[in-house]
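Reader: I have the sequence and the coordinates open. Please take me through the strand pairing, the helix packing and the chain contact.

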Amino acid sequence: MQDRLKKLIEAARSEISTASDAAKVEELRIRYLGKKGELSAILSGMGKLPPDQRRELGEAANSAKAEIEQLLMEAIERAELQKLQAELRGPKVDVTLPGRFQPPGRRHPVSRTLEEIVRTFRRLGFEVATGPEIELDYFNFEALNLPKDHPARDMQDTFYVDAPWVAPEQGSDENGVLLRTHTSPVQIRTMLSRRPPVRIVAPGRVYRRDSDLSHTPMFHQVEGLLVDRGVTMAELKGTLDAWAKAFFGSETKTRFRPSYFPFTEPSADLHITCFSCGGAGCRLCKMGGWIEAIGAGMVHPKVFEAVGYDPKQYTGFAFGMGVDRIALLKYRIEDLRLMFENDVRFLEQF
Amino acid sequence: MRISVRWLAEYVGVPSPADLAERLTLAGFEVERIERPGDALRGVVVAQIKESVPHPNAEKLSVTKVDAEGSLLQVVCGAKNYKVGDKVALATVGAQLPNGTQIKQANLRGVESFGMLCSAKELGVSEDASGLLILDSSAKVGTPVAEALGLDDTLLEIDVTPNRPDALSHIGIAREVSVLTGQPLRMPEIKLAERGGAASEKIRIRIEDPLRCLRYGGRVVEDVTVGPSPSWLADRLKACGVRPINNVVDVTNFVLLEMGQPLHAFDLDKVAGAEIVVRTARPGEKLTTLDGKERLLDRDDLMICDRDKPQALAGVMGGAHSEVGPSTRRVLLEAANFQPSSVRRTSKRHGLHTEASHRFERGMDVNAIPGALDRSAALIAELGRGAVLKGRVDVYPKPIEPTKVTLRYAQVSGLLGVDIPAEESDRILRALGFVRAQISHAAGSPTPSEAAAGPAIAKGETRAVYSVPSFRVDVEREEDLIEEVARIRGYDAIPNALPRGVSELAPESSEVEAERRVRSALSGAGFNEVINYSFVSPQQLAALKAPAGIALKNPLSVEQSVMRTTLYAGLLQNLSNSLRHHAESVRLYEFGRVYVPGEARRDKRAPPAREDLHLAGVLFGARRGRTWTAKDESVDFFDARGAMDSLLTALNIREVSFENAEIPALHPRAAARVRSPGSGEPLGSLGQLHPKVAKELGVPAATFVFELDVQKLYAMANLVPAYQPLWRYPPVLRDLAVVVPIELQNAQVRKLILEVGRPLVEDAIIFDVYTGKPIPEGRKNLAYAIRYRSPDRTLTDAEVNEAHQRIIEEVNRRLGGSLR
């Protein structure tokens, strides 16, 4: 019996050492240690032995079983390790294949630029105001010191609106309804609705009857207005300079030139150093190094009179900028009309 | 305004053109361009023909020897209009003509030619190509031809703003230059020799409308010989872009460009009754203007008439009948001042924008009239050998008093934000022609009324009253004077400062945050943003069965003639354009206003129309595009619905109702109205485009759209939701599959599940909708994953089973369902 056990162990050791996978190991476990396995077969004759031999044999059988189990366990570990190694050595994932994703939609360049401009002014303490796009002549022109037959009206070719439900103005057969030519009427509406101090920006669509490479009949402006006691032109310069540095970069320089707008006095044009060449001169700035960006000035006393503010007590500044043109320059777009054609191939670039 | 630097230099010392341009620009006269017309004629010099013989081998050519400063050059020439001794323009070897011709040494039929003799056309100075341009005999051999032709000038194109009509002349600009550089201003000397009788005996002038014609002055020049102007005059006009006509007309244009005052010359023999009447047109009156057009006059047009009929559109253009021509002997010169708005209306009405109307509608100096009359009469007498009659006929019914403006010197610093001494302000204003009339010093405490007027009026304040020169029609107020000081000192001299005072940092409006979330959700769903014009074509709106839009009175085109009432018009146009470029997948959205006509207005200052902010989207084509990870499918209704679900989720709007609806632009089977759950108010719509609408608008039938009223949507947003405690106990999941009548909708079934399962059912998520075998016809299978959970304990199987059973029974009983 003892011999048979020894042989069994020898056979098991030899066979188990060659077993390469978990299934084969399990098969060997059943063959050697299963209920109908070889160890059981040897032990089945044990009952016929005398008790002392039985005990001796029992001990030997237990140790044989333990030894085989140990062999099996090692074999399983070996097999698992081999399997893992085989798995780790398998073909590599093609990481150059594209992932599953929904390409994010893009923001329109004008709307992105508009939001960035407004956000920068919010940091300077301006709040956002809005007003109607279909406006009355009074708010768009008259109250802004642009009376009828004023030659400066030529600067803004106007779309007029057929609005039979609006009563004609006094002493006129015109009801003076138009598409606002600038965001400046928001100044008037805002000042009529509250007392100083006022510190607003008014973004929005404006309309002029014009269409070519650099003009579209609709475009966007951001208007700004600050009214308080003792507001100076130095503060206008400082505010716009701070804004330009915050928007275009801290190395940006600004310069102010005298200009003319009927609703400001004194009036100014703000130029900024070209954000493409930094002022050295390039195609974008037509070699000048500067780009005209903002019209501005100190609020004209007649505008204050139109809204019932006392120009002796209050001064203020106002400014306006064309958003589309800034976006055009920023993204180096050659034809402004592309902005509103909304070709998907255009939109997906931003 | 085009300014000749050479001409300008007659009135004031000028720095280099670049420096001049910079200083004018800094003072508010933007120099847009600097031109040197002579640059185009580099290498072309004055040469004298010394010899000319026929070409040995070509009948039409001659061989000349020309002297060009010392060297005698052989040049072959094809023209015949010269004689030996003439001075001509020689383009030397290496030169390039304005028309692009490169001059090279050439061999013409066996004869060497060292350059080219040029015609006026080849030099680009006129259209005359009939022969060589013969230069004045005084031209110096060897000098650049540009110099001999008076083209060695520099021209500045200056953008004069509408408030500065006084600067629309060479003297006007010279006045500014003089202030900027400190160089003295030299006014032209007028050499007027009057002869014969008094002008007032030869012409009567009457102003019938003194409101619109403030002043009308005339001078008479007799025995005039009308002919071409001398070259000095013609060259000046040409340099400024004015075509020379004859010596009389040219003088009026010259004085206009010199002094700014528009002038007109009448053939006095054509002025009926030797009488000028300034009046508005009578019904039916007509005038043929100098441009040859017959114009029917409006009763609002101010006219210069003779005894019988209109002879000129006042301040705009003269008439053909009384035009000065070769046969004219007696000239009436007009210098007048017209009301700006009157001239502007007439100019606009007749579509005539002229040098004169441009100036009058901005406002002219009423006191410039005598000088301009004298200057032009003297020049006409000189050039046309005429006699200036004695005196001016000057009708000036209500002389204008000079404008007086009070300046508080402290306010100059107060408005500009930089200390400027009173002496400096005064110096600048005087240099500009303002006259200080009086100065006062408020001693002691301010009076109560002064104190009430604000902090700017302080104790010890000095004020002065300035009399505004009559050419400065733009200056009316203190601010205008302050601008003058700022402008001449330069804006660079004003420092940068940040606004003082505490600004009220108003919280960002919730709509800004809501919009940000919506945009982010749509971007995540793959939608590109578009911006479309607010105006569309009426046909587009009609095709979409949308309300008619507010019409423009003067649209650029019919495609842009009405204000949109739906955002679909633009989006579908974008889709159709994109498909022309073979886009496979299109998802677009727009934020923008729609315009509602005919709102009753309580207040006459209220906005004329209602403007609602909308958000709309369009979807078409491949859901993902072709990928290797999944089979490609086209978008359907549920992609549109998904976009809407995504933005509702972003705003934490949990429960809105979607219901089938009849929406004319949408497919009757796949159209939904979205409503607010509480009020039932419609928020918007979505669906597939109606096949007929799609066809009419040129987009595919499988186009899906959605549109929402953004204000109403934002009103429902829950941007700051209150925290809900997290569930501590595990859920129990049970699936439910029921077969229900096919017309039954998910919302009904789900609502019932939640209602019956209360309070144990946390949620029921539909995960399958199936029709077809083995489900009987007319029925469909709906499968829900029901999640049971309690906030305060772990549920037992028994209670879940019981609830689930109750749900099954109720679905069967109340909705005609059966368990699958």
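Reader: Over how many bridges do β39(B) and β40(B) pair, and in which sense?

Author: This is a predicted model. One of the paired positions is B:I765, whose bridge partner in β40(B) is B:A785. The pairing of β39(B) with β40(B) is antiparallel, and its count of bridges is 8.

Reader: What is the strand order of the open sheet of 4 strands in chain B?

Author: The pairing in this sheet is antiparallel. Strands β39 (761–770) and β41 (818–819) of chain B each pair on one side only, which places them at the edges. The order is β39-β40-β38-β41.

Reader: How many bridges join β38 to β40 in chain B?

Author: Strand β38 covers residues 732–741 and strand β40 covers residues 779–788, and the two run antiparallel. B:P741 stands opposite B:R779 of β40(B), while B:V739 has B:N781 as its bridge partner. The strands β38 and β40 of chain B are joined by 10 bridges.

Reader: Which helix packs on the sheet and touches β38, β40 and β41 of chain B?

Author: Helix α21 (residues 746–757) of chain B lies across β38, β39 and β40, at about 150 degrees to β39(B). The helix that touches β38, β40 and β41 spans residues 797–815, and its direction makes about 10 degrees with that of β38(B). That helix is α22 of chain B.

Reader: Which residues of α7(B) make the contact with α6(B)?

Author: α6(B) passes α7(B) in a left-handed crossing. From α6(B), the contact takes B:L233, B:A234, B:R236 and B:L237. By class, the contact has 4 nonpolar, 1 polar and 2 charged residues. The residues on the side of α7(B) are B:D250, B:N253 and B:F254.

Reader: How do the residues of the contact of α7(B) with α10(B) divide by class?

Author: α7(B) and helix α10 (residues 369–383) of chain B pack at about 145 degrees with their axes 9 Å apart, and their crossing is right-handed. Among the residues in contact are B:V251 and B:V255 of α7(B) and B:L379 and B:I380 of α10(B). The division is 8 nonpolar, 4 polar and 1 charged.

Reader: Which helix gives the most to the side of chain A that touches chain B?

Author: The contact takes 73 residues from chain A and 76 residues from chain B. On the side of chain A, these are 36 nonpolar, 14 polar and 23 charged residues. The helix that gives the most covers residues 233–248 and supplies 8 residues; it is α8 of chain A.

Reader: What is the bridge partner of A:V161 in β30(B)?

Author: Strand β3 (residues 161–162) of chain A pairs with strand β30 (residues 551–552) of chain B in the antiparallel sense, over 2 bridges. The partner of A:V161 in β30(B) is B:L552.

Reader: Over which residues of chain B is the pLDDT below 50?

Author: The model scores ipTM 0.86 and pTM 0.85. Chain B has a mean pLDDT of 91, with 96% of its residues at 70 or more. The stretch below 50 has 12 contacts in the model beyond near neighbours in sequence, and it is residues 448–457.

Key
Residues are numbered from 1 along each chain as its sequence is written. Chains are lettered from A and ligands numbered from 1 in the order in which they are written. This is a predicted model: local features need pLDDT of at least 70, side-chain atom pairs count only at pLDDT 80 or more; totals for chains, interfaces and linings use all residues. Two strands pair if DSSP finds at least two bridges between them. Two residues are in contact if their C-beta atoms, placed from the backbone, lie within 7 Å. Axes are lines fitted to C-alpha atoms, for helices over the stretch in contact, and angles run from 0 to 180 degrees between N-to-C directions. pLDDT is the predictor's confidence in each residue, from 0 to 100. A crossing is left-handed if the near helix is turned anticlockwise from the far one by less than a right angle, and right-handed if clockwise. Ala, Val, Leu, Ile, Met, Phe, Trp, Tyr, Cys and Pro count as nonpolar, Asp, Glu, Lys and Arg as charged, and the others, Gly among them, as polar.
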